[in-house]
Amino acid sequence: MEKKRIQIFDTTLRDGEQVPGCKLNTKEKIKIAKRLEALGVDVIEAGFPTSSPGDYQSVQEICRSVSKTAVCALSRAVEKDIEIAGQALQYAKRPRIHTGIGTSNCHIRYKFNSTPDKIIERAIHAVKYAKRFVEDVEFYAEDAGRTENEFLAKVCENVIKYGATVINIPDTTGFCLPEEYGDKIRFLKENVKGIHKIKLSTHCHNDLGLATANSLSGIMNGAEQVECTINGIGERAGNTSLEEIVMIIKQNSHLNLFTNINTKLISSTSHLVSECTGMRVQANKAIVGINAFSHSSGIHQDGVIKKRETYESINPEDVGIDQSSIVLTARSGRAALAYRCKKLGHFLNKNSLDLVYSIFLKYADEKKEITDRELKTILKKANLNANNKILHTPNNRRINVV
Ligand code: KIV
Ligand code: ZN
């Protein structure tokens, strides 16, 4: 069975940048955009040009800086927004306008004080208007997660008629369960006339920690594009994280899916985004957290030293990390200590290791983690001879007791 390619639409520079406290200047955005292109994303959502002159300029500069990747600009279903997005994209080799409107009852009633029919009219007009500027028009049905499927299907059918090339089904508030979101995508696939002419896209927020699971469910039910961000940054609890969805696809070949992502650049891209945005990645974040490939308990360390796969299902090299790390803490055992000493050039025999271990435990109980520097101090304290053996006094008493 032929594998199906899933397009990666990165919105780190738009939805990701909407996060409080995260502000990127044009130079930083260009740097990130170039890295995203090297990473192999299919589309870079570069910004929301109508929101500020700075964002307009960034989108324009990104268009000049990338060559193969499609560049997308966000707009509301408002002529002025669309016009400005079209202008900002003028230098893009592959421009896309992303326009749309809220489709849930909540948005129609409270945000727009409107009616379902009027929302469809505005959606059609937005797509028709965007088509004046670019061929590639993606339509988003904001709050699709809470939109009734029949109405959503009607909206989709109409925007397809007027030339939308991609339809984004955002779970804007992170409301759906994976099964529910997958059913929504399948419902659209099975009930919308003309659906085969366009790509369906997932855009899931992480309010309940389900963004990645929902995106996965979406693609398993027919969506062809996933919208995501590096490190999962984005409004409130964030978006689907690129590294998670890409690695899920890579690790599960039975899904018969693939992406164009060079996964070996994932770790360095994560660092770049974290550095530029000032948003630290939580230590236990899947794939890119500092602990994602670190082992600190004795049982796990012993297993990983014998065979990495005992406690790791992902090869760290696949995401650009040289090797798993064995962190020395008070929970570590002799195997980990011997391994780390070996890395410092000390090959310890059983007796020497026992001695070093007893000194190590005293240090480790006081510290969170024992660094190489501290380990060198511990080895010095053990006062081993040049062959890493314990020194003895003439009457055979050990002299290097702490
Ligand atoms: O979450 C959302 O609905 C969005 C849209 C603007 C695409 O970010
Ligand atoms: Zn969003």
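Author: **The ligand site and beyond**

An N or O atom in the side chain of His203 lies 3.1 Å from an oxygen atom of ligand 1. That falls under the polar contact cut-off (a pair of N or O atoms within 3.5 Å; within protein, one must be able to donate a hydrogen and the other to accept it, and residues adjacent in sequence count only if both atoms are side-chain atoms). Arg14 places a polar side-chain atom 3.0 Å from an oxygen atom of ligand 1. For Asp15, a polar side-chain atom is 3.1 Å from an oxygen atom of ligand 1. On its own, ligand 1 has 260 Å² of accessible area, and the protein covers 93% of it. Such areas come from the Shrake-Rupley method with a 1.4 Å probe; for residues, only the protein chains shown count as cover.

This is a predicted model: local features need pLDDT of at least 70, side-chain atom pairs count only at pLDDT 80 or more, and totals for chains, interfaces and linings use all residues. Residues are numbered from 1 along each chain as its sequence is written, chains are lettered from A and ligands numbered from 1 in the order in which they are written, and side-chain values use heavy atoms, with hydrogens and water left out.

Which residues are around ligand 1? They are Arg14, Asp15, His98, Tyr140, Glu142, Asn168, Pro170, Thr172, His203 and His205. Each has a heavy atom within 4 Å of the ligand.

Glu243 is found in helix α9, residues 242-251. Helices (H or I, at least four residues) and strands (E, at least two) are DSSP runs, numbered from the N terminus. Glu243 is buried, with a relative accessible area of 1%. Buried means under 20%, exposed over 50%, partly exposed in between (1.4 Å probe, protein chains only). The side chains of Glu243 and Lys285 are joined by a polar contact of 3.1 Å. Contact means heavy atoms within 4.5 Å.

Helix α9 has 7 of its 10 residues buried, so the rest of the structure largely encloses it. Those buried residues are Leu242, Glu243, Glu244, Ile245, Val246, Met247 and Ile249. Their cover includes β2 (7-10), α1 (26-39), α8 (211-220), β9 (225-228), β10 (257-258) and α10 (266-277).

Lys184 sits in helix α7, residues 178-191. Its relative accessibility is 5%, so Lys184 counts as buried. A polar atom of the Lys184 side chain lies 3.1 Å from the backbone oxygen of Ala144. Outside four places in sequence, Lys184 touches Ala144, Gly145, Thr147, Asn149, Leu152 and Ile169.

Next, the rings. The whole structure holds 2 aromatic pairs. Tyr129 and Phe133 are edge-to-face, because their ring centres are 5.5 Å apart and their planes at 70°. Tyr357 and Phe360 are stacked, because their ring centres are 6.0 Å apart and their planes at 25°. Rings of Phe, Tyr and Trp (its six-membered ring) pair if their centres lie within 6.5 Å; planes under 30 degrees apart count as stacked, over 60 as edge-to-face and the rest as tilted. Tyr129 is buried at 7% relative accessibility, while Phe133 is partly exposed at 34%. Tyr357 and Phe360 are both buried. Both belong to helix α13 (residues 350-364), 3 residues apart, about one turn of the helix.
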